[in-house]
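Q: I'm new to this one and would like to learn how to read it. Could we go through it together, feature by feature?

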Amino acid sequence: MKKDVRKAVIAGNWKMNKTRPEAKALIEEMKPLVANAGCEVVACVPFTNLETVLEAAKGSNIKVGAQNCHFEKSGAFTGEISADMLVEMGVEYVIIGHSERRQYFGETDETVNKRTKAALAAGLKVILCVGEMLADRENGITDELVAMQTKIALKNVSAEELKNVIIAYEPVWAIGTGKTATAEQANEVCAVIRATIKALYGCEAAEGITIQYGGSMNAKNAAELVAQPDVDGGLIGGASLKAPDFAVIVDAATKG
Ligand code: PGA
């Protein structure tokens with residue numbers, strides 16, 4: 001399958017980091033460093049930073065994302081944020097189903113599907129996260145598990161809506177651990193996800209969908225990972241908090 005038909009996307013996942021002044025400073029530092037990017041650049045920031053970062057990124061090529069949204073439009077859901085609230089602010093992207101949400105906040109494949117559908121219906125672009133735990137890999141069920149997570153997350157998502165979905169393959173054992181999947185391991189599972197999309201939506205959709213790798217991607221290993229035929233960029237945690245490192249990763253994806 002041809003890689004040049006797809007857009008590489010480098011998205012920073014700031015997680016629960018940065019106060020508003022710190023967020024503004026980080027975006028200001030990033031702007032000139034990524035201004036000539038040949039890939040899409042996204043910063044997914046805490047809810048409290050969205051307004052600050054939207055303002056700071058105005059006129060630049062940095063797109064802004066949130067890290068979660070609820071599946072209902074409004075109501076008695078203390079502590080949650082709806083997709084419409086994000087859209088009204090000017091937010092373009094949202095991460096859905098991150099493994100930390102699944103591990104620590106009770107997200108299931110079913111709630112990930114509901115949140116995905118709600119975000120797409122509201123007009124957001126979704127960065128949908130899938131990935132196996134270490135025990136799954138050791139049990140030899142990585143491919144089946146990731147295919148299953150992908151299928152359930154996309155249940156009742158139309159082919160038209162799929163155009164606004166990016167899938168991030170993030171092996172849980174590689175997140176924040178410094179243990180990166182090898183480029184071959186990353187490519188292998190991204191290819192499984194692409195095959196799953198092909199089975200569900202056909203060849204054109206599979207060729208067109210952006211599939212990122214995430215999990216301890218950094219300035220040193222990014223080039224090898226994003227050069228893989230089925231890896232179209234990355235979802236970056238720790239290294240997205242350092243503007244120079246993030247810029248090196250953006251450069252690597254620009255070169256592809
Ligand atoms: P990491 O996080 O780059 O710090 O491993 C990636 C992620 O959780 O998206």
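Q: Let's start with a single residue. Is Glu107 buried or exposed?
A: Keep in mind that this is a predicted model. To judge burial, look at the relative accessible area: under 20% counts as buried. Glu107 comes out at 7%, so it is buried.

Q: Where is Glu107, and which residues is Glu107 in contact with?
A: Find the elements on either side first. Glu107 sits in the loop between helix 4 (99-104) and helix 5 (109-122). Setting aside neighbours within four places in sequence, Glu107 is in contact with Asn68, Arg101, Arg102, Val112 and Arg115.

Q: What share of the residues counts as buried, and what share of the contacts joins residues at least 24 apart?
A: Of the 256 residues, 53% count as buried. For contacts, take those between residues at least 6 apart in sequence: 73% of them join residues at least 24 apart.

Q: Which residues have the most contacts inside the largest nonpolar core?
A: The general idea: in soluble globular proteins, nonpolar side chains tend to be buried together. In this protein the largest nonpolar core has 70 residues, and those with the most contacts inside it are Trp14, Val94, Leu154, Ile167 and Tyr213. Apart from that core lies another of 11 residues, among them Ala11, Ile95, Cys129 and Ile166.

Q: Now Cys44. Where does Cys44 lie, and what does Cys44 touch?
A: Look in strand 2 (residues 40-44). Cys44 has a relative accessible area of 0%, so it is buried. Not counting residues up to four places away in sequence, Cys44 touches Gly12, Asn13, Trp14, Lys15, Gly65, Ala66, Gln67, Ile95 and Ile127. One of these, Asn13, is 31 residues away along the chain, yet the two C-alpha atoms are separated by 4.9 Å.

Q: Lys15 turned up there. What is phi of Lys15?
A: Here's the background: most residues other than glycine have a negative phi. Phi of Lys15 is near 55 degrees, a positive value. Lys15 lies in the loop between strand 1 (9-13) and helix 1 (20-34). With 22% relative accessibility, Lys15 counts as partly exposed.

Q: What about Lys18: what is its phi, and where is Lys18 placed?
A: Lys18 also has a positive phi, near 85 degrees. Its place is in the loop between strand 1 and helix 1, and its relative accessible area of 30% makes Lys18 partly exposed.

Q: One last residue. Which helix holds Thr196, and what does Thr196 touch?
A: Thr196 lies in helix 9 (residues 183-201), and at 7% relative accessibility Thr196 counts as buried. Leaving out residues up to four places away in sequence, Thr196 touches Ala147, Thr150 and Lys151.

Technical notes: Residues are numbered from 1 along each chain as its sequence is written. This is a predicted model: local features need pLDDT of at least 70, side-chain atom pairs count only at pLDDT 80 or more; totals for chains, interfaces and linings use all residues. Side-chain values use heavy atoms; hydrogens and water are left out. Buried means under 20% relative accessible area, exposed over 50%, partly exposed in between (1.4 Å probe, protein chains only). Contact means heavy atoms within 4.5 Å. A nonpolar core is a set of buried Ala, Val, Leu, Ile, Met, Phe, Trp, Tyr and Cys residues joined through side-chain atoms within 4.5 Å. Helices (H or I, at least four residues) and strands (E, at least two) are DSSP runs, numbered from the N terminus.
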